[in-house]
Amino acid sequence: MQLHELELSALEQRIHAAQADYEAFRARGLKRDMTRGKPSVEQLDLAAAMLGPLESHVTASGEDARNYGGLQGLPEVRALVSGMLGAPPEQIAVGENSSLALMHDCIAWAMLHGVPGSARPWSRDIVAAEAGSADAPIFLCPSPGYDRHFALCEGFGIRMIPVPLTGDGPDMNVVEDLVKDPAVKGMWCVPRYANPSGETYAPRTIQRLAAMQTAAPDFRLFWDNAYAVHHLVADPEPLVDILPACAEAGNPDRAFVFASTSKITLAGAGLSFFAGSERNLQWYLTCAGRRTIGPDKLNQLRHLQFLRDEAGLRHHMDGHRAILAPKFAAVDEALRKRFDDLTVAHWTRPEGGYFISLDARPGTARRIVALAGELGIALTPAGATWPYGSDPKDSNLRLAPSFPPLEEVRSASEGIALCILLATLEAERDSRVNR
Ligand code: PLP
């Protein structure tokens, strides 16, 4: 049933019932955290063997991994992640423990030096914009999206334009129109199991991203494939590799590809990866080579010893799926149960990744987060999934069920569903009173 079909008296009754449930829930005095997509202790324990002694500190080519050097990363590690990144090993570089740090560095270097194809450093446009003689660099931001991407842009003075998502990735008609502006220098893309919408970009979307005409010759897709192998289903849809797609479309330098093992092995002690065309990789290595003499190759060996090969990686990810899938199912079940006879929200049932994206009645997301806070349930702040923390409809919520134990996910989800119901019923009543 739709909310507007409820008689006012029935609406009032439901509000009383929801308020009573809410007070009873509050009396339980729970403490739950559904804010961030962190792996649980159980998931981290899957990689416990990595903390044991190394079989050897000698690399496949006979180098001593304890010493300096090896800027690009061990070839055997690059071969291990070649399929995941959709790039040959020679087009991959291994970083330290955070791909977000690589994204930060790439933007910082673009600001300082420009990227291959830039007429000048991106920061000059910011200075010119302040003087009123040019537009500041712009990034397109499929929204809802990842708050830390948006924080990077804000920190660097890059303007952000939200782009709608379609379920098959960004709305390409909008994107193709916006990239006609030469100030548009980049675009955030989480092509698989996007944070938080969970969608995977369709082949046609990827082909259009690779082939579209951009006014900026130094435009870059920031292709953050953070959830490349993080499936919640046994038979995932394949993802079109962006680098060959760009090369085939005649735009070989268009994409900077990022990924990491943060949610494969250890979130605080994994490996990060950059991949790109030969020109982009050389640019990356030149910039990175000024910053460090070489990455932590012992951690690379640790990963290699533990994961072994692509089959080992897939097998390891099955372990994550076994832990995560029931948590996602628990959220879905709690929401469906609470909203069995009344449509008050729409939410995703992702086939991978770390998030459920929920669209509540416009104007209620902040209220829901506040209500949940009163119940002891911490949620990602409303608005965080939009550039500048500003959700124009105040409706999107990002639910992150990975970290708490299953029982806690279940009770937290019941509480969240209750808060959504209460906020929605109250908003409906207020709208009728004010009509
Ligand atoms: N990119 C996306 C889309 C994420 O959701 C996250 C973490 O939640 C990251 C990057 C962080 O990656 P890393 O741990 O490699 O810095």
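One aromatic cluster takes in Trp-109, Trp-122, Phe-139, Trp-188, Phe-222, Phe-256, Phe-258, Phe-274, Trp-283 and Tyr-284. Here, rings of Phe, Tyr and Trp (its six-membered ring) count as a pair if their centres lie within 6.5 Å; planes under 30 degrees apart are called stacked, over 60 edge-to-face, and the rest tilted. This is a predicted model, with local features needing pLDDT of at least 70 and side-chain atom pairs pLDDT 80 or more, while totals for chains, interfaces and linings use all residues. Residues are numbered from 1 along each chain as its sequence is written, and side-chain values use heavy atoms, with hydrogens and water left out.

The structure holds 16 aromatic pairs. One of them, Phe-274 with Tyr-284, is stacked, at 4.5 Å centre to centre and 10 degrees between the planes. Phe-274 belongs to strand S8 (residues 272-275) and Tyr-284 to helix H11 (residues 278-291), 10 residues apart; helices (H or I, at least four residues) and strands (E, at least two) are DSSP runs, numbered from the N terminus. Phe-274 is buried, at 0% relative accessible area, and Tyr-284 is buried too, at 5%. Buried means under 20% relative accessible area, exposed over 50%, and partly exposed in between (1.4 Å probe, protein chains only).

Two lysines turn up over aromatic rings. The charged end of Lys-38 sits over Phe-403, 4.5 Å from the ring centre, and Lys-263 lies over the face of Tyr-354, at 5.1 Å from the centre of that ring. For this label, NZ of Lys or CZ of Arg has to be within 6 Å of the ring centre and within 35 degrees of the ring normal.

Then there is the helix packing. Helix H1 (residues 8-27) packs on helix H15 (residues 406-433) at an angle of about 145 degrees, with the axes 9 Å apart. Axes are lines fitted to C-alpha atoms, for helices over the stretch in contact, and angles run from 0 to 180 degrees between N-to-C directions. Residues of H1 that meet H15 include Leu-11, Ile-15, Tyr-22 and Phe-25, and those on the H15 side include Leu-418, Leu-422 and Arg-429. Contact means heavy atoms within 4.5 Å.

Elsewhere, Ser-82 is in helix H4 (residues 82-85) and is buried, at 17% relative accessibility. Leaving aside neighbours within four places in sequence, Ser-82 touches Ala-87, Pro-88, Pro-89 and Ile-92. Glu-130, in helix H6 (residues 122-130), is exposed, with a relative accessible area of 67%.
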